[in-house]
Amino acid sequence: SRSGRDAALARTEGIASWTEMLRDTISAAHGLEAAIATTAPVAPEAIRPEIQHLARSLKHTSLPDALRQLAVDLAHPISDLVVASLTVAANGAVKDLAELLGMLADSARDEAAMQMRVEASRARMRTAVRVISGVTVVTAVGLVALNRTYVEVYATAVGQVVLAGIAAAWGVALWWLASMSRFRQPERFLIAAAEGGRSL
């Protein structure tokens with residue numbers, strides 16, 4: 001559905017925007033946990049519940065554990081990279097976290113742009129599917145309404161079996177076209193986080 005595609009795109013852009021917020025807040029000499037708490041109320045709407053949950057978790061959970069849960073909640077390849085970078089930074093192994101976050105935000109923007117290009121190229125396929133389906137339905141209804149003798153053969157037992165086979169073939173074809181037009185996310189970076197078990 002279009003709403004699902006728009007939600008996925010908004011999520012990608014939200015991760016990019018929040019990463020930029022973190023970069024700018026950390027650049028203003030805030031600590032990492034303070035930067036997360038500061039950006040949580042103004043995080044992009046598409047990911048705001050997850051970021052606010054992260055900020056609340058920091059009150060009673062260590063930063064690496066809270067970040068690992070964030071990766072599970074967001075379930076997005078770009079968020080895995082952000083979480084991995086923040087976790088390494090929390091251990092003091094990153095010299096310039098702001099620059100790294102800026103690069104990750106650019107990567108998220110590029111992915112969002114790629115999704116938009118893919119959706120634009122697949123829009124013609126979806127339009128063709130809608131037109132074909134509409135014409136088929138109108139034709140079938142027209143035959144039933146205007147030429148009943150043509151479809152009387154389908155009233156028999158054999159005709160019902162044939163009709164069921166035709167309907168099944170159409171259903172499989174439409175499902176196949178829908179699966180071809182579905183955007184597939186890249187493989188998750190934090191497989192351990194996705195499974196909710198092992199450490200980063």
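## Basis of the model

Local features are reported at pLDDT of at least 70 and side-chain atom pairs only at pLDDT 80 or more, while totals for chains, interfaces and linings use all residues of this predicted model. Residues are numbered from 1 along each chain as its sequence is written, and side-chain values use heavy atoms, with hydrogens and water left out.

## Overall fold

The protein chain contains nine helices and zero strands, giving the pattern α-α-α-α-α-α-α-α-α along the sequence. Helices here are DSSP runs of H or I with at least four residues, strands are runs of E with at least two, and both are numbered from the N terminus.

Of the 200 residues, 33% count as buried (under 20% relative accessible area; exposed is over 50% and partly exposed lies in between, with a 1.4 Å probe and protein chains only). Among contacts with a separation of 6 or more, 63% are between residues 24 or more positions apart, a contact being heavy atoms within 4.5 Å.

## The second largest pocket

The second largest pocket has a volume of about 370 Å³. Thr 136, Ala 140, Leu 163, Ile 166 and Trp 170 are the closest to its centre among the 15 residues of the lining. Two or more lining residues come from each of α6 (97-146), α7 (148-151) and α8 (157-180), and α6 provides the largest share, with seven residues. By class, the lining has twelve nonpolar, three polar and no charged residues (nonpolar: Ala, Val, Leu, Ile, Met, Phe, Trp, Tyr, Cys and Pro; charged: Asp, Glu, Lys and Arg; polar: the others, Gly among them).

A pocket is an open set of points on a 1 Å grid over the protein atoms alone, where a 1.4 Å probe fits, with protein on both sides within 12 Å along at least five of seven lines; lining residues have an atom within 4 Å of a point. Grid points are joined across faces, edges and corners, and the volume is the space filled by probe spheres set on the points.

## Salt bridges

The whole structure holds four salt bridges, each defined by a side-chain nitrogen of Lys or Arg within 4 Å of a carboxyl oxygen of Asp or Glu. In one of them, Arg 11 pairs with Glu 50, the closest N and O atoms being 2.9 Å apart. Arg 11 lies in helix α1 (residues 2-27) and Glu 50 in helix α3 (residues 48-57), so this pair ties together parts that are 39 residues apart in sequence. Glu 50 is buried, at 15% relative accessible area.

Arg 109 and Glu 20 form another salt bridge, with closest N and O atoms 2.9 Å apart. This pair links distant parts of the chain, Arg 109 in helix α6 and Glu 20 in helix α1, 89 residues apart. Arg 109 is partly exposed, at 33%. Asp 65 and Arg 68 also meet in a salt bridge (2.3 Å, N to O); they are three residues apart in helix α4 (residues 63-74), and therefore separated by about one helical turn. Asp 65 is partly exposed, at 36%.

## Two selected residues

Gln 52 lies in helix α3 and is partly exposed, at 29%. Beyond residues up to four places away in sequence, Gln 52 touches Ala 40 and Pro 41. Gln 52 and Pro 41 are eleven residues apart in sequence and 6.8 Å apart in space, C-alpha to C-alpha.

Arg 130, in helix α6, counts as exposed at 53% relative accessibility. Arg 130 and Leu 174 are 44 residues apart in sequence, with 9.8 Å from C-alpha to C-alpha.
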